Amino acid sequence: MKRQHPLKMLSYSAKNLWLLIFPLLRGLFSIHFGDAKALLDWFAGAWFDILTLLIILFTGYIRWQFSRFNIKDNQIVFSNGVIVRTRKVIPLKSISAVTEEKSFYLRPFKATKVLVNTRAGTLDKDLSLIVNEEVLHWLRMAIGSNDVTTDNSKSFEYKPNFWHTFFFSFIFSSTLTGAIYIFVFLFKAGSIVEQFLQRSVLDEFNLVTETVTDKLMLNVSPIFVGLSLIIAFSWILSFITNIVRYTKFRIKKNSQGVFIRTGVMTKRRYKICENMVNYTDLCQSFWTKIFKFVSINVNCSGYGSSTDEIPVFIPIMSRKNCQNTVSAIMPNMKIYPNNYKPRWTNFWRYTYKAIISCVLVLSIYFISMYFFPDAINIIKFLTLMVELPLMWYLIISII
């Protein structure tokens, strides 16, 4: 039976450990270490918390000692529990994906987080382990997730260049369209809305942004500059996250299966079983359609199942080359041209939501103008803010 990496003890204790350790450290750092009396006074007041912390760590150690796993009879057998023992059995043939994560804080300890997934349910993972390098190599050989083989004749590898990854991260970063849209209106809106807001509530927020406004010499309220900075920061954060996650992306196919490596800060390695892939999904946004690029995703239990992950198979490539690449990686998956298009008689089925929403907003606009003529500026501004994304939604529905 194999045992997990000792770092797993912290995982078993993490739910309660941090509730005590930070207050203890804060109190310890507030005293002078050369003052023995102050140190004794701190210990006299914190001894119970220290005892509780040691008990939590000891409980994690006991759980780690009684947590074992092995592979026999083509099954992964995982046992844990002290008083009540549980046993989980996963047949190797049922595994759909195996994920290895080497986070920057795990690498100094030569530890790797291994996630094993099947089609059994909707959980993010069926089995989660933290193992050392020796056990990781043993797991790869036992599960058949070794991407290094001697038979290179059946191997295929694809690696997008940096600018493809950059374009993919730029397009699929959240709030891109919203950021562009808000920026345009913040520069055009001026101080229309500001007069309707209470100055006492906004003074503190204006202090943060008025310097930026003065230096850039913008004829807009610091409130809107602050909002635009928040939106811009949100998008930049999403963009950087995608760059860090998908830089060094590489997909490889050999006799063992399909393997994907990606990431800089957290290095991830996926093993996907071909027969467990439900379907491939060709994704095109408005911008990728203009530039004739396509992103290929796959639906496979355990791959891209987290909320912050995209189940990307090929980040981005020209549409004319995607068929050969997909066929080389997944011979059973074919990409067929679109030979059929919806009839114009079905136009309403695709666009009715956007059309009704646009008409509804315009109706509210005219009604509001009739009853509140003094608020003409704010009504026009809010109508444009709502109507333009709806028009964009209508265009996308038509395309």
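Trainee: Which side chain does K102 meet in a salt bridge?
Mentor: That's E133, at 3.5 Å from N to O. Keep in mind that this is a predicted model. The pair links distant parts of the chain, with K102 in strand β5 and E133 in helix α3, 31 residues apart.

Trainee: How many salt bridges does the structure hold?
Mentor: Six. One of them joins E101 and R268, whose closest N and O atoms are 3.7 Å apart. E101 lies in strand β5 and R268 in strand β11, so the pair ties together parts that are 167 residues apart in sequence. Both E101 and R268 are buried.

Trainee: What about E157, which residue does it pair with?
Mentor: R250, with the closest N and O atoms 3.3 Å apart. R250 sits in strand β9 and E157 in strand β8, 93 residues apart. There's also a network: E100, R140 and R269 are joined by salt bridges that share partners.

Trainee: Switching to the surface, which residues form the positive patch?
Mentor: R107, K159, K248 and K267 form a positive surface patch. K248 is in the loop between α7 and β9, and K248 is exposed, with a relative accessible area of 55%.

Trainee: Last one: how many helices and strands does the chain have?
Mentor: Eleven helices and 14 strands. Of the chain's 399 residues, 41% are buried.

Key: Residues numbered from 1 in each chain as written. Predicted model: local features only at pLDDT ≥ 70, side-chain atom pairs only at ≥ 80, totals over all residues. Heavy atoms only, no water. Patch = residues over 30% accessible without salt bridge, like charges linked within 9 Å, V, L, I, M, F, W, Y side chains within 5 Å. Areas by Shrake-Rupley, 256 points an atom, 1.4 Å probe, with all protein chains shown as cover. Salt bridge = Lys/Arg side-chain N within 4 Å of Asp/Glu carboxyl O. Lys, Arg positive; Asp, Glu negative; His and termini not counted. Charge placed at Lys NZ, Arg CZ, Asp CG, Glu CD. Helix = DSSP H or I, 4+ residues; strand = E, 2+ residues; numbered from the N terminus. Buried < 20%, exposed > 50% of the residue type's maximum accessible area, 1.4 Å probe, protein only.
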